[in-house]
Structures are given as C-alpha cells and as structure tokens.
Amino acid sequence: MDNIQAVKKKLVLSQSAQFVKGVGPLRVKTLAKLNIHTVKDLLFYFPRRYEDRGNFKPIKKVIIGQLETVRGRVLSFDTRRIKGNRTIFTLALGDDSGVIYAVWFNQPYMKNVFAMDDDVILYGKVDFYGKIQINSPEYEILKPDEAHDPVHTGRIVPIYPLKMDIGQRYLRKLIKHSLDHYLENVREFIPEDIVKRNSFLGIKQALLNIHFPENFSRLEQSRDRLIFDEFFLLQLALGLKRKALKETKKGIKFKLKSGLIEQFKKALPFELTNAQKNVIKEIETDMHQAQPMNRLLQGDVGSGKTIVSIWAIVVCAQGGYQAALMAPTEILAMQHYETLHKILSPLGINVTVLTSGLKKKEKEIIIQDISADKFRVIVGTHSLIQDDVKFKKLGLIIVDEQHKFGVMQRVKLHQKAIMPDVLVMSATPIPRTLAITVYGDLDISTIRELPPGRTPVETYWISEKKRQDLYVFLKKKIKEKNQVYVVYPLVEKSKSIDLKAATKMYEHFRDDVFAENRVGLLHGRMKDLEKKQVMQLFKAGDLDILVATTVIEVGIDVPNASVILIEHAERFGLSQLHQLRGRVGRGKTQAYCVLLSEGKSEDAVKRLNAMTKTTDGFKIAEYDLLIRGPGEFFGTRQHGMPELKIANIITDTQQLILARKEASEYLGQFSQEIIDPRNLLFQELHNKFPQNSDSLLAR
Ligand code: ADP
Ligand code: MG
C-alpha cells in the first residue's frame, strides 16, 4: 500500500507541466524554453533574486523616489481617455494615515481587476505628479480567506530568471499554485541522518522557502540545503564512478623492488624536491595496489612533473610491462622522447616514439614492434590512440598536459589495455575544491613547490610606443648569451593571416632588426623534420631568437631561454599566457616576460594585469576562473559536468567540501543500497543527470 502511494506521488511530479492549472498547450511551449517540462521542474525552478516587499509603510510615511510597499482599501477608480487614443486608469487606495494613487497607462482592462473596498497591497517606486502616486505598481488583491498569504507583494517576493513571452506574475502564481498542490508529493531523498546531522531544513520546507521565504534567515537555510543537494548528488555520482572503476577491474600490482629504481635515483642530475618525493610516494602506493591507479598530477609549469612520470615508468618497466606517454603536440612528444631516451637507455629500458609525422612505412614498423613488445616505453601524440596500435602488455598510461586533451581521448587509450594504471598530468592547476568537482573521478596529487634556484620571472606589459626600447633590451640580453622567444597569436578563424604576420615579423627580425643575430621560425604548418631541426638548433643554443606561434605553448624546456616576448598579448587567454611565460625562468639567470599589447577591453586589461601581478599558477587559475566563469574555464560539456542550478562551485566551497565528505561516508557505508533502483537517492541521481549519467557512471 505504501509503495503504491509512493509511485502515485512520483507520477504526479513527473507529469507534464500542462497538468498544472493555468498551463495550456501554448504556455507549455514557453515554459519549455525555460527548461520547465514537468510539475517537478516548476518546483525546482529557483528564483534569481528576491525583493523585500514585506514592510508595509503607513501611506503618509512613504518617501518620494523610493520603492515602497503599502496596504489599504480601494476607495475609488476610473479610466480617462487622453489624446492619441490613450487611456489612464487611476486607483485610489487608502489606509488609516492617508491616500495614495496607483496609475496604469493604456491598460483599460484594469478596471475589471479591482472592486471597491478590495484589500490591496501595492509595491513600486513612489512619484509625485500633483499627487503621491505609483506608476504601474506590482499589486496583489487579498481575498478575505488568504489575506495572510499574498504572492506578489506584502512579503519577500521571488524574482525568477525569465525569457520573453512569460511574465513574473504569471510564473510566480504558477509556482505558488504548484507548491500549494504538489509539494506534498516531493519526498525526502537525502538520508535522514545526514539531514539531522547538519540541521538541514527538510526538502519541503526548503522548497517552500526558496520560493516564498518566511524571512531572510529561512531563505539562507533553504539555499544551504538545496546547494548541498546538488553537490551531494554530484559527488555521489563521481564517487560511484570511481568506486565502480576500482572494484570491477583488477589492476596490476606492481612490485616495488629496488634495483632499477636505485640506479635511476643515483643517475638523477638533481636532488628531488620534497613535493616531488611526496607525489612519487602517492603514485608508488597506487601502483602497488591491486586496483588500477587513476590519478591526476597537477603542478605549475616548470614544477618538474616529467621526472615524476619517469619514475612511474621505471616502476612499470621493472615489472615487465609497457608504458605509454601521450603528449598533445609533436614537438612535445619529441622532447619527451629525447629526455626519456637519455635517462632510460642507460638502465636498459628502450624507448620509441610514434607521431603522425612519420612516414607510413616507419609507422608500420613501429606499430609492429609495439605489438611485439620490443619497446618498454612508447611516446607519442594522439596517434597512440589510433585503432591499429595494439600494445602487448600495457601497464601504465601517462597523459601529459591533460587539459589539452578531451576526455574521450583519455578514455580511448585506456580501452586499449585490460587494466593499466593511469596518470594524467596538468599544468593548469586548479584550486582543490574545484578539482574534486571536475576531476572527482581522479585521485589528485599536487606539486606546489618549484625546484630550488629559480628566480621568479619579471613580467611587463608595454605598448607599441616602447617597441624600439624593447629591441635595445633584447639585443643586450642576447649579447649576454640569453635566448629569446617571440610568440605570435594564431587564431583558428584568421589562421593564414596570422601566419603571414608571424612569418613577416620573422623576416623583418632576421633581415633588419636582428640582422646580426641568429633568428629562427617555428609554426605548426611546417614539416615535422623542419620543426625538429629548428627546435634542435634552438636547444643547442645555435639560435638567439625563436619566432614562434603557440606551438611552443606547452612543455617545451630550454633552460637557457630567458626572455619571452608575446605579441598581441590581449589575444591570448590568461592560462595560455601563463603557460607561455612558463617557457622561461627555468635556468639560473633572471627571466623576463614582455607582453606587448594595446588591449583595451575590460577583460584584456584584467588578464594582462593579473599576469604582471603574480607568477603563481594557482592564483592565475583562480583569476582566470573569475574572469571567464567556470563554464568557459573548463569547457563544461567536455568534462561531462552537469549544469548546477543553485550551487556555485566558485563561491559555495564550504558546502562543496561538506557534500564531498558526506557523499564519501555514505558510499563507504551503503555502497550496495545506493545502486538499488528502488532507492530514492539513486532515482534522484538519474533524474538529475539524465544526459550525463552515462558519462558520469561509466568511465
Ligand atoms: P613541468 O612540470 O612543467 O612538466 P618539467 O618536468 O619540464 O616541468 O621540469 C622543468 C625543468 O626543471 C626541467 O629542466 C627539469 O629537468 C628541471 N627539474 C625538475 N625537477 C628538478 C629538481 N628537483 N631540481 C632541479 N631541477 C629540476
Ligand atoms: Mg611538462
């Protein structure tokens, strides 16, 4: 009996909004534009803000020019015609203290709205045109039996986010009606002890007060509760996904014997930082477990993530498995290949590289070698996830600069093996609270410390007027044996124009300004061999200036380069600027980043100022988030993150942390109960993220 009751309740809520009184076929279409489809959607359509229309002023006390709420009885009303076939409807309202007039232009039907002696609340801005009046006020006529429960005024009133074709009054009334009739069908889906422990309002109370708050503190409580709900469900979904991954797949239990690792440690050209040692420990622990590792390693540009990943590769190779390292660009893949080859071949670990730039024949041979397990380590670009690449014994996948890859690419490489460990690395560090939302399915290791002996890069923003001075500065630096990057923006839309600009500047530098120096050019349209040669020249110190497009944005490591000049800096995003700046400041000499820009837009100024203010990648990421907002910043859809209606991942961090804690505890205790389709929480999970549940629940 109880069950039937429950099913019935659920049915009402999932009915089309047309089920609600006052909604016809036409209105249904308009509501759909607001993403309101069902009765439940109406209850969960939250106000954008509130107006306090609850403090009645004695009419005599209203102040001209202010928003006021008054309550009185209708004394008289009439409609007058004025010239141009227009009408004025005037209503006189009186209380014990005085009389005020409400005026509506060209709304003659208003005379049918009011009756003499009606009990009316008015809200609006008070004017004076010979008499005290309010033009087109919000109004509410109180029926004797509902005199205590007004909708549009006389209380804290909700203001909803709206699109055209739909009025505040209409929607407000509709939602009020839905609350009055269908709120009782809403069932508590957050476990009772979580509600109790955190003194949350019950779901019905919260919904009631988010729309029509009794007072502002009740409103706060409702927000707390509903924000928690969104975060809790999100964290549950992410937690379930992670759990499923850990439980259903058996990973490789790498042994941590000494030997190769000891040799490797001895051969290191520097002392590891404490931060590096800590994350290595975390990674080793993961690799030693039977469950597959699924870890994000984040650290600012230049923090030394590569060596950490090589450590993991050695552990993997020592266990007799293959390791794959995937980089977003050919240049970075080549650089990684060289680094790995240099460090690993003395240990007897052979490395190969597979990029799309190889000749067909060469590629075929390498692919064959990979499937025959001839190489322990395979470096590559996205060509590693092509279907014809088959690994023999893939035990570890490392994805470098993960923010440059889509989620799909990560997943695809993973499917190539039965159960490899996965380590993704990112130099776009994000605040921890955000990371747990966006990468909730990953464990996170963070390097917050740069290797010692680095001097922070000095950053300057200059205008065209200073160009000649800049050239003098660059010549001086080159004379002191420093190398210089000059970066040009390359926008997809105007690619060939931009490319021409970069090439022209290169020629101008080579032939005129820096005729005495060695100048090189690097851009994405060049042949791979050419690119490789130019990069090698620059690395070897045989070029003084490298004019480049953003192909050098990620990963490139040339410690002797100590100046980077960024042309049209306003055309780059903040994170991108920071990445570019990360190309310098890797050696001992003072490094400089010069932003050349006439940028005047508000956002551009914010970005450029942020760059001159800090070199901390974590701070930069926070600025970037603030300037762009989370949707843009993460490319929400790419991450499969659901849209949050009331919770804000930037400002509501307290609730996010709380929700994460509660979700993880709940999952720990009730892992079985939660995937029972009869479980309300589980149903809610699926309702909440219909289009995402697949990507959230499956990896
Ligand atoms: P990122 O984290 O941006 O990938 P890299 O791994 O490329 O940084 O490291 C940047 C530079 O710092 C490299 O030249 C690397 O050899 C050097 N490096 C890394 N770790 C240390 C360390 N502990 N001490 C000194 N130099 C280091
Ligand atoms: Mg790197």
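**Cores and aromatic pairs in a predicted model**

Let me start with one residue: Tyr321 is partly exposed, at a relative accessible area of 24%. Here buried means under 20% relative accessible area, exposed means over 50%, and partly exposed is in between, with a 1.4 Å probe and protein chains only.

Some ground rules. This is a predicted model, where local features need pLDDT of at least 70 and side-chain atom pairs count only at pLDDT 80 or more, while totals for chains, interfaces and linings use all residues. Residues are numbered from 1 along each chain as its sequence is written, chains are lettered from A and ligands numbered from 1 in the order in which they are written, and side-chain values use heavy atoms, with hydrogens and water left out.

Back to Tyr321. What does Tyr321 form with Phe254? An aromatic pair that is edge-to-face, with 5.6 Å centre to centre and 80° between the planes. Rings of Phe, Tyr and Trp (its six-membered ring) pair if their centres lie within 6.5 Å; planes under 30 degrees apart are stacked, over 60 edge-to-face, and the rest tilted.

Phe254 sits in the loop between α7 and α8 (260-267), and Tyr321 in the loop between α10 (305-318) and β10 (322-326), so the pair ties together parts that are 67 residues apart in sequence. Helices (H or I, at least four residues) and strands (E, at least two) are DSSP runs, numbered from the N terminus. Phe254 is buried, at 2% relative accessible area. Searching the whole structure gives 20 aromatic pairs.

Next, a cluster. Phe77, Phe89, Trp104, Phe114 and Tyr139 make up one aromatic cluster. Arg169 lies over the face of Tyr139, 3.9 Å from the ring centre. The test for a charge over a ring is NZ of Lys or CZ of Arg within 6 Å of the ring centre and within 35 degrees of the ring normal.

Now the cores. A nonpolar core is a set of buried Ala, Val, Leu, Ile, Met, Phe, Trp, Tyr and Cys residues joined through side-chain atoms within 4.5 Å. The largest has 59 residues, and Leu171, Phe232 and Leu236 have the most contacts inside it. Its largest share, 12 residues, comes from α7. A second, separate core of 43 residues includes Phe254, the buried partner in our pair.

Leu171 touches, among others, Leu31, Leu34 and Tyr160, leaving out residues up to four places away in sequence. Contact means heavy atoms within 4.5 Å.

Last, Ile367, in helix α12 (residues 360-371). Buried or exposed? Ile367 is buried, at 13% relative accessibility. Ile367 touches Leu354, Asp388 and Val389, again leaving out residues up to four places away in sequence.
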